[in-house]
Amino acid sequence: MYRVEWLESVLGILTEQWIGSDSQQRAAITRATHRIERDLSSDPVEYGESREENRRIHIVMPLVVRYKVEESNRLVTIFHVRVSSRRNT
């Protein structure tokens, strides 16, 4: 298992987006957050796509997170989040 940490600034952005959303979008953000935590704590390399400099991206609509993995510490640090305005179909 990996420990998943969200930077404080990322949690602030996520909170602002959640507060500014309607109930349906809030539920989607909450579900996506839980799934991201579950995915990245179990296998952050399997669930994400690689990017530059050992950084990765994981998309669970409506969230897009960027993160890095420290294998030696079994630590995942989420350093960016974006809430997509696209609706699930």
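To start at one end of it: in which sense do S2 and S3 pair, and over how many bridges?

Author: Happy to. This is a predicted model, in which local features need pLDDT of at least 70 and side-chain atom pairs count only at pLDDT 80 or more, while totals for chains, interfaces and linings use all residues. Residues are numbered from 1 along each chain as its sequence is written, and side-chain values use heavy atoms, with hydrogens and water left out.

S2 and S3 pair in the antiparallel sense, over two bridges. Strands (E, at least two residues) and helices (H or I, at least four) are DSSP runs numbered from the N terminus, and two strands pair if DSSP finds at least two bridges between them. Glu49 stands opposite Ile57 in S3. The two strands form a hairpin with four residues between them, and Glu53 in that turn has a positive phi of about 50 degrees.

Moving on, S3 (residues 55-60) pairs with S4 (residues 63-70), again in the antiparallel sense, over six bridges. Arg56 has Tyr67 in S4 as its bridge partner, and two residues lie between the strands of this hairpin. S4 is then joined to S5 (residues 75-83) by eight bridges, and these two run antiparallel. Here Arg66 has His80 in S5 as its bridge partner. Four residues separate S4 and S5 in their hairpin, including Arg74, which has a positive phi of about 55 degrees.

Put together, five strands make an open sheet in the order S1-S5-S4-S3-S2, with mixed pairing. S1 (3-6) and S2 (49-50) stand at the edges with a single partner strand each, so one side of each has no neighbour in the sheet.

Now for the helices. H1 (residues 8-19) packs on the sheet and touches S1, S4 and S5, where contact means heavy atoms within 4.5 Å. The direction of H1 makes about 35 degrees with that of S5; axes are lines fitted to C-alpha atoms, for helices over the stretch in contact, and angles run from 0 to 180 degrees between N-to-C directions. H2 (residues 23-42) lies across S1, S3, S4 and S5, at about 135 degrees to S3.

The largest nonpolar core has 18 residues, and Trp6, Ile36, Leu63 and Ile78 have the most contacts inside it. Such a core is a set of buried Ala, Val, Leu, Ile, Met, Phe, Trp, Tyr and Cys residues joined through side-chain atoms within 4.5 Å, with buried meaning under 20% relative accessible area (1.4 Å probe, protein chains only). S1, H1, H2, S4 and S5 each give two or more residues to this core. Ile78 touches residues including Val4, Trp6, Val10, Ile36, Leu40 and Val65, not counting residues up to four places away in sequence.

Note on methods:
Buried means under 20% relative accessible area, exposed over 50%, partly exposed in between (1.4 Å probe, protein chains only).
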